[in-house]
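Trainee: I would like to go through this structure with you. Could we start with the overall picture and then turn to the details?

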Amino acid sequence: MTVTQSEPVTSGVAAAGELPTRPRGCGTELPHPRPAGRDRYTISEVAEHTGLSAHTLRWYERIGLMPHVDRTHTGQRRFTNRDLDWLSLVTKLRLTGMPVADMVRYAELVRAGECTFAEREQLLTAHREDVRQRIAELQSTLDVLDYKIDIYADARRASERF
């Protein structure tokens with residue numbers, strides 16, 4: 001069983017009686033498209049596809065952030081499309097600044113099954129609030145930068161007139 005098998009489709013807004021849809025950008029932007037008809041990838045192919053190093057992929061597996069990755073009879077890792085979907089989510093969570101410990105906890109909850117939906121929702125809701133606060137801080141910082149840039153642009157234009 002992989003981590004995302006028990007993950008419900010709960011993102012997006014759905015009208016009554018409709019299934020929720022995936023939000024734009026949820027696992028859709030891929031640096032390199034997956035080969036058609038394939039569902040087994042080497043660690044080097046996954047590293048190229050995700051932009052993560054092979055070392056990082058091994059570390060994710062070691063700390064429990066990745067589900068059990070299948071191996072060939074010679075011990076080589078074989079990642080699946082489902083593993084790539086999970087790595088896409090992990091990459092997005094990391095980009096938002098979620099601590100690795102929280103991502104590992106989330107992975108544990110997903111593996112534990114449906115009885116953890118409420119705890120998963122709580123973890124993601126708290127993180128979303130942190131992200132929103134950081135976005136507001138960044139917007140405020142951007143406003144200051146825009147203000148300063150406008151001052152310098154006005155001063156440069158004024159000096160060019162003379």
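Trainee: What percentage of the residues of the protein count as buried?

Mentor: Of its 162 residues, 28% count as buried, where buried means under 20% relative accessible area, exposed over 50%, and partly exposed in between (1.4 Å probe, protein chains only). Please note that this is a predicted model, in which local features need pLDDT of at least 70 and side-chain atom pairs count only at pLDDT 80 or more, while totals for chains, interfaces and linings use all residues. Residues are numbered from 1 along each chain as its sequence is written, and side-chain values use heavy atoms, with hydrogens and water left out.

Trainee: How many helices and strands does the protein have?

Mentor: There are five helices and two strands; these are DSSP runs, numbered from the N terminus (helices are H or I with at least four residues, strands E with at least two). Read from the N terminus, the order is α-α-β-β-α-α-α.

Trainee: What is the accessible surface of the protein?

Mentor: The total is about 11000 Å², and carbon and sulfur atoms account for 56% of that. The areas come from the Shrake-Rupley method with a 1.4 Å probe; for residues, only the protein chains shown count as cover.

Trainee: Turning to H1, which of its residues are buried?

Mentor: Helix H1 spans residues 43-50, and its buried residues are Ile43, Val46, Ala47, His49 and Thr50. They lie on the same side of H1, because they cover an arc of only 165° around the axis; the arc is that of the directions from the helix axis to the C-beta atoms.

Trainee: Why do residues three or four places apart point the same way in an α-helix?

Mentor: An α-helix has 3.6 residues a turn, so residues at that spacing point the same way.

Trainee: What do the buried residues of H1 pack against?

Mentor: They pack against helix H2 (54-63), strand E2 (77-78) and helix H3 (81-95). Contact here means heavy atoms within 4.5 Å.

Trainee: At what angle do H1 and H2 pack?

Mentor: The angle is about 105°, and the axes are 9 Å apart. H1 is therefore roughly perpendicular to H2. Axes are lines fitted to C-alpha atoms, for helices over the stretch in contact, and angles run from 0 to 180 degrees between N-to-C directions. Angles under 35 degrees count as roughly parallel, over 145 as roughly antiparallel, 65 to 115 as roughly perpendicular and the rest as oblique.

Trainee: Which residues of H1 and H2 meet?

Mentor: Ile43, Val46 and Ala47 in H1 meet Ala54, Leu57 and Arg58 in H2.

Trainee: Is Arg58 buried, exposed or partly exposed?

Mentor: Arg58 counts as partly exposed, because its relative accessibility is 34%. Leaving aside neighbours within four places in sequence, Arg58 is in contact with Ile43 and Arg77. The C-alpha atoms of Arg58 and Arg77 are separated by 9.5 Å, and the two residues are 19 apart along the chain.
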